[in-house]
Amino acid sequence: MKRKIKTMDAVLVTMAVFLLVFVVVMLWLYQATGGIPDTLCTCVFATCGGECGVMGWIRTTKDRQRERRYEVEDRQEEQKHLESQACVEMDAEKGDGYGD
């Protein structure tokens, strides 16, 4: 069975590879010059953290909507079951023509 790669998974993998390369380059730059661009590091990690936070929020919202949809479907099924059970009980009370 072939698994479809989802967009969020692709973004997370891309971000992880980017951050790994970024950290390696910053370590190399520090080794070569004795310093790194602090503002650049702060902005890169803030942007990646913000992106991950937004993706987490999107995922949570999707999960809540899916759960809500399942709850509504369950209530509808339960209501149908109760209604059919009530109809059977009413028919039994009226008598179905057998044994009267």
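Reader: Is A16 buried, partly exposed or exposed, and what is the relative accessible area?
Author: A16 is partly exposed, with a relative accessible area of 46%. Buried means under 20% relative accessible area, exposed means over 50%, and partly exposed lies in between (1.4 Å probe, protein chains only).

Reader: What kind of model is this?
Author: This is a predicted model, in which local features need pLDDT of at least 70, side-chain atom pairs count only at pLDDT 80 or more, and totals for chains, interfaces and linings use all residues. Residues are numbered from 1 along each chain as its sequence is written, and side-chain values use heavy atoms, with hydrogens and water left out.

Reader: Where does A16 sit?
Author: A16 is in helix α1, residues 7-33. Helices are DSSP runs of H or I with at least four residues, numbered from the N terminus.

Reader: And how far is A16 from E83?
Author: Their C-alpha atoms are separated by 53 Å, while the two residues are 67 apart along the chain.

Reader: Which residues make up the largest nonpolar core?
Author: That core has 7 residues: M15, L19, F22, M26, C41, V44 and C48. Both α1 and α2 give two or more residues to this core, and α1 provides the largest share, 4 residues. A nonpolar core is a set of buried Ala, Val, Leu, Ile, Met, Phe, Trp, Tyr and Cys residues joined through side-chain atoms within 4.5 Å.

Reader: Moving to charges, how many salt bridges are there?
Author: The structure holds 3 salt bridges. The term requires a side-chain nitrogen of Lys or Arg within 4 Å of a carboxyl oxygen of Asp or Glu.

Reader: Which residue pairs with D63, and where are the two?
Author: D63 forms a salt bridge with R66, with the closest N and O atoms 3.3 Å apart. Both lie in helix α2, 3 residues apart, about one turn of the helix.

Reader: What about R75?
Author: R75 forms a salt bridge with E71, and their closest N and O atoms are 3.9 Å apart. R75 and E71 are separated by about one helical turn, because they are 4 residues apart in helix α2.

Reader: Which residue does R3 meet?
Author: The side chains of R3 and D9 meet in a salt bridge at 3.8 Å, N to O. R3 is exposed, with a relative accessible area of 67%, whereas D9 is partly exposed at 32%.
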